[in-house]
Amino acid sequence: MSASTGPGRAVRAPRTGATVAGFLLRRAAGLVVVLLALSGMTFALAQLAPGDPARAVAVDRIGDAATAADIEAVRAELGLDGPVAEQYLRFLGNALTGDLGESYRTGQPVTAELAGRVPVTLGLASLGGGLGVALGLALGLASVRARGRFVRGVLRTVGLTASAVPPFWLGYLLVLYLALTLGLVPTGGMAGPSTWLLPMVVLALPLAGVLSRVVAVTVADALAAPHIQAAVARGASPRRILLREALPNAAGPVLTVAGFTVAGLLVGTVIVEQIFGWPGVGDYFAQAVAARDLPALQGGVAYFGFAIVAANAAADALHGLVDPRVRSVR
């Protein structure tokens, strides 16, 4: 296929494969830039935080008898005695090689400690997110197919309520009634499949509430399209039209919103792991904040930042792959 640009000259139009590759490369380059900006902001905020990490470590090792000389020795040992720019470049260079430093609190490499906790958080976020997507799709499609304004209003209220419920409030409420009052599930810990239920529900409901509204609106708009109305006039079954015509057309907006809600999902893991006593990255991050453990704190922020940015980029890329108009506009 070629496109003419003037008399006697023709330029070959970009192939679809090359367009997709260029689109993905642009998204990957944007991901690197965002991660660099995030690392700089994280390091700056850690520097501006009140308190002296060297003093905290010296007191932890020696006790209240730690002298000024002891604190300065610890400062030099931790590499906190040089200019801030030098500390950041050293942190960035080490981070690029996978070295996030050693935890002030435990003395162990932060990378190794995070590696032991990431599977817990990823497993919880994946299962909670999957449950949220399934519930959101089911609730949104039920709202579209519901007959009568009352039923649609009830389903819409359920979606709005689910999206507005704070995770910490929902978590404590479920523990109070389902675990302590009725005894149906354990109150916390990771001791078997039954312990996964409440954390998954707490993570899934807000996501399901948001997605249900997006699915209901986008599918309803798709059903009003002329080509789908023509298919209805030709006698196509409602189920076929809904699943093969309307739902694929709504996939782009749903993917984009799902990517954006990943941030809330991952932040929710910090709360859920604290409520239910799960040894994940959220629990590690909360302990680092409480102890002013800067390497662990920076490692936790780097993990959450990378996960959120990567999820948004993946959703954006998938939107571009399923909808060629996005590739041509962006």
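# Salt bridges, helix packing and surface of a predicted model

R75 is buried, with a relative accessible area of 17%; buried stands for under 20%, exposed for over 50% and partly exposed for the range in between, with a 1.4 Å probe and protein chains only. The structure is a predicted model, in which local features need pLDDT of at least 70 and side-chain atom pairs count only at pLDDT 80 or more, while totals for chains, interfaces and linings use all residues. Residues are numbered from 1 along each chain as its sequence is written, and side-chain values use heavy atoms, with hydrogens and water left out.

## Salt bridges

Side chains of opposite charge can pair when their charged atoms come close. The model holds 3 salt bridges, a term that requires a side-chain nitrogen of Lys or Arg within 4 Å of a carboxyl oxygen of Asp or Glu.

R75 takes part in one of these bridges, its partner being E72, at an N to O distance of 3.4 Å. Because E72 and R75 stand 3 residues apart in helix 3 (residues 68-78), about one helical turn separates them; helices here are DSSP runs (H or I, at least four residues) numbered from the N terminus. The two partners can be set side by side: E72 is partly exposed at 44% relative accessible area, whereas R75 is buried at 17%.

A further bridge joins the side chains of R90 and E86, with 3.6 Å from N to O. Both residues belong to helix 4 (residues 84-96), where they are 4 residues apart, about one turn of the helix. R90 is partly exposed at 35% relative accessibility, and E86 is partly exposed as well, with a relative accessible area of 43%.

D283 and R117 also form a salt bridge, and their closest N and O atoms are 3.1 Å apart. D283 lies in helix 12 (residues 281-291) and R117 in helix 5, so this pair ties together parts that are 166 residues apart in sequence. D283 is buried, with a relative accessible area of 15%, and R117 is buried at 18%.

## Packing of helix 5 against helix 8

Helix 5, which contains R117, spans residues 110-145, and its axis comes within 6 Å of that of helix 8 (residues 197-223), the two crossing at roughly 35°. Axes are lines fitted to C-alpha atoms over the stretch in contact, with angles running from 0 to 180 degrees between N-to-C directions. The crossing of helix 5 and helix 8 is right-handed, meaning that the near helix is turned clockwise from the far one by less than a right angle. By class, this contact has 24 nonpolar, 7 polar and 1 charged residues; Ala, Val, Leu, Ile, Met, Phe, Trp, Tyr, Cys and Pro count as nonpolar, Asp, Glu, Lys and Arg as charged, and the others, Gly among them, as polar.

## A nonpolar surface patch

On the surface, F168, W169, Y172, L173, L176, Y177 and L180 form a nonpolar patch with about 750 Å² of accessible area together. Such a patch joins nonpolar side chains (Val, Leu, Ile, Met, Phe, Trp, Tyr) within 5 Å, each residue having over 30% relative accessible area and no salt bridge; areas come from the Shrake-Rupley method with a 1.4 Å probe. One of its members, Y177, is placed in helix 7 (residues 167-181) and is partly exposed at 47% relative accessible area.

## Spatial pairs across the sequence

| Pair | Apart in sequence | C-alpha to C-alpha |
|---|---|---|
| G51 and R292 | 241 residues | 8.3 Å |
| V32 and F306 | 274 residues | 9.7 Å |
| A251 and V219 | 32 residues | 9.2 Å |
| A288 and G300 | 12 residues | 8.3 Å |

G51 sits in the loop between helix 1 (16-48) and helix 2 (53-62) and is exposed, with a relative accessible area of 59%. V32 belongs to helix 1 and is partly exposed at 47%. A251 is found in helix 11 (residues 251-276), where its 25% relative accessibility makes it partly exposed. A288 lies in helix 12, the helix that also contains D283, and A288 is buried at 0% relative accessibility.

Key: Patch = residues over 30% accessible without salt bridge, like charges linked within 9 Å, V, L, I, M, F, W, Y side chains within 5 Å.
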